[in-house]
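Subject: Structure handover

Hello,

Here is the structure for you to look through. Notes on what was found in it follow below.

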Amino acid sequence: MTRNQYKRKLDGKLVGQPAYVTRKPYLLSTLLECAVCSGPVWATKRTGTRAQPRYYYVCTTHRTRGDRLCGNALAAPMERLDAAVLAAMARQVLTPDLVDDVVHRVVELRTAARTHQATARPRLESDLRRTQGELRRYAEAIAISGPLPALLEAIRTREQRRGELEEQIRRHGDSAWADAWQPDELRRKIQARVDDWLGLFTRGQEEQAREMVLRPLLARRIVLTPRVTPAGRFYKFDALLSFDALVTGLIGAGDRRVVTVVPPG
Ligand SMILES: [Zn+2]
């Protein structure tokens with residue numbers, strides 16, 4: 001399996017026309033970055049001539065310090081950007097084939113760990129036998145010479161080592177740990193987690209969606225790139241995702257693989 005199979009695209013475009021929004025809290029607060037200045041993009045409220053407040057995501061550098069420090073003046077209507085990001089997550093990222101990829105990768109890691117175990121266990125057992133032999137010899141030395149401090153210290157360090165080795169050997173034989181890695185069981189658990197997450201992509205659950213799904217999955221902030229074309233103004237967004245959160249707590253160790261999410265070429 002190559003790294004490429006872990007790549008997921010998250011992209012979209014957003015037509016830059018104002019949309020009426022009253023919703024709080026802001027789904028993407030603290031999760032957005034301006035591609036022009038690398039500064040944060042924050043939610044802001046504007047009251048129009050008809051006195052209806054509208055919410056936008058705007059580059060903070062541009063808003064507070066002007067064109068000289070960041071020329072990105074494009075305001076993204078909050079409701080439309082929120083919806084576009086969630087739709088891209090649902091369609092392009094949290095898909096059944098992602099679950100398959102993650103299961104495949106976890107099983108691969110497990111196989112590598114087993115291979116390592118196969119060589120590690122005999123070594124641990126041989127270390128344990130040697131440590132036990134040393135403890136016997138120090139005990140005999142004390143019987144002959146009395147409880148000299150150097151002998152007592154040598155026994156103390158060997159006893160500590162013996163405890164560590166016994167613990168490591170015990171963990172290698174833990175079958176509950178092995179069961180948690182069964183592919184079908186893993187697939188079921190990961191899919192259930194994905195389903196729970198998709199259930200949060202609805203109105204009124206912005207805060208849970210941000211804290212339980214977006215923040216754990218995003219390896220860094222979503223980058224917003226303003227584009228002005230004859231067809232209109234829009235934002236491209238791209239994000240780097242880490243899938244640790246998909247397996248955290250299920251198998252005790254997250255897959256550190258990071259997925260690059262790129263805009264269309
Ligand atoms: Zn900026």
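**A loop residue to begin with**

Thr30 sits in the loop between strand E1 (13-15) and E2. Helices (H or I, at least four residues) and strands (E, at least two) are DSSP runs, numbered from the N terminus. The model is a predicted one, in which local features need pLDDT of at least 70 and side-chain atom pairs count only at pLDDT 80 or more, while totals for chains, interfaces and linings use all residues. Residues are numbered from 1 along each chain as its sequence is written, and side-chain values use heavy atoms, with hydrogens and water left out.

Thr30 has a positive phi of about 70° although it is not a glycine. Most residues other than glycine have a negative phi. Thr30 counts as partly exposed because its relative accessibility is 45%. The terms are these: buried means under 20% relative accessible area, exposed over 50%, and partly exposed in between (1.4 Å probe, protein chains only).

Ser38 is another residue other than glycine with a positive phi, near 65°. Ser38 belongs to the loop between E2 and E3, and with a relative accessible area of 46% it is partly exposed.

**Overall make-up**

The protein has eight helices and nine strands. Of its 265 residues, 41% are buried. Taking contacts (heavy atoms within 4.5 Å) between residues at least 6 apart in sequence, 68% join residues at least 24 apart.

**The zinc site**

Which residues hold the zinc ion? Its protein donors are Cys34 (SG), Cys37 (SG), Cys59 (SG) and Cys70 (SG), lying 2.2 to 2.3 Å from the ion. Donors are N, O and S atoms within 2.8 Å of the metal (3.2 Å for Na, K and Ca); water is not among the atoms, so sites may look incomplete.

The arrangement is tetrahedral because the four donor atoms around the zinc ion subtend angles of 102 to 114°. Four donors count as tetrahedral if all angles lie between 85 and 135 degrees. The ideal angle for four tetrahedral donors is 109.5 degrees.

Along the chain, the donors of the zinc ion follow the spacing C-x2-C-x21-C-x10-C. Distant parts of the chain are linked by the pair Cys37, in the loop between E2 and strand E3 (41-47), and Cys59, in strand E4 (residues 53-59), 22 residues apart. Cys37 is partly exposed at 24% relative accessibility, whereas Cys59 is buried at 0%.

Cys34 lies in strand E2 (residues 32-34) and is buried, with 0% relative accessibility. Apart from neighbours within four places in sequence, Cys34 is in contact with Gly39, Val41, Cys59, Cys70, Asn72 and Leu224. Its C-alpha atom is separated by 5.9 Å from that of Val223, which is 189 residues away along the chain.

**The nonpolar core**

A nonpolar core is a set of buried Ala, Val, Leu, Ile, Met, Phe, Trp, Tyr and Cys residues joined through side-chain atoms within 4.5 Å. The largest one has 47 residues, and those with the most contacts inside it are Leu28, Tyr57, Leu81, Leu94 and Leu217. Helix H2 (residues 78-93) gives the most to this core, with eight residues.

Leu28 is in contact with Tyr57, Leu81, Asp82, Val85, Leu214 and Ile222, leaving aside neighbours within four places in sequence.

Helix H6 (residues 183-199) has 17 residues, which should span 24 Å at 1.5 Å a residue; its end C-alpha atoms are 24 Å apart, which agrees. The expected span is 1.5 Å times one less than the number of residues.

Where on H6 are the buried residues? They are Leu186, Ile190, Val194 and Trp197. Seen down the axis of H6, they fall within an arc of 65°, so they line one face of the helix. The arc is that of the directions from the helix axis to the C-beta atoms. The face of H6 turned away from this buried side carries the exposed residues Asp184, Arg188 and Asp196.

In H7, the buried residues are Glu206, Ala209, Arg210, Val213, Leu214 and Leu217. They fall within an arc of 130° seen down the axis of H7, so they too line one face of the helix.

Arg220 is in the loop between helix H7 (206-217) and strand E6 (222-229). Arg220 is partly exposed, at a relative accessible area of 37%. Not counting residues up to four places away in sequence, Arg220 touches Glu33 and Leu240.

Regards

Conventions: Tetrahedral: all angles 85-135°; square planar, octahedral: opposite > 155°, others 65-115°.
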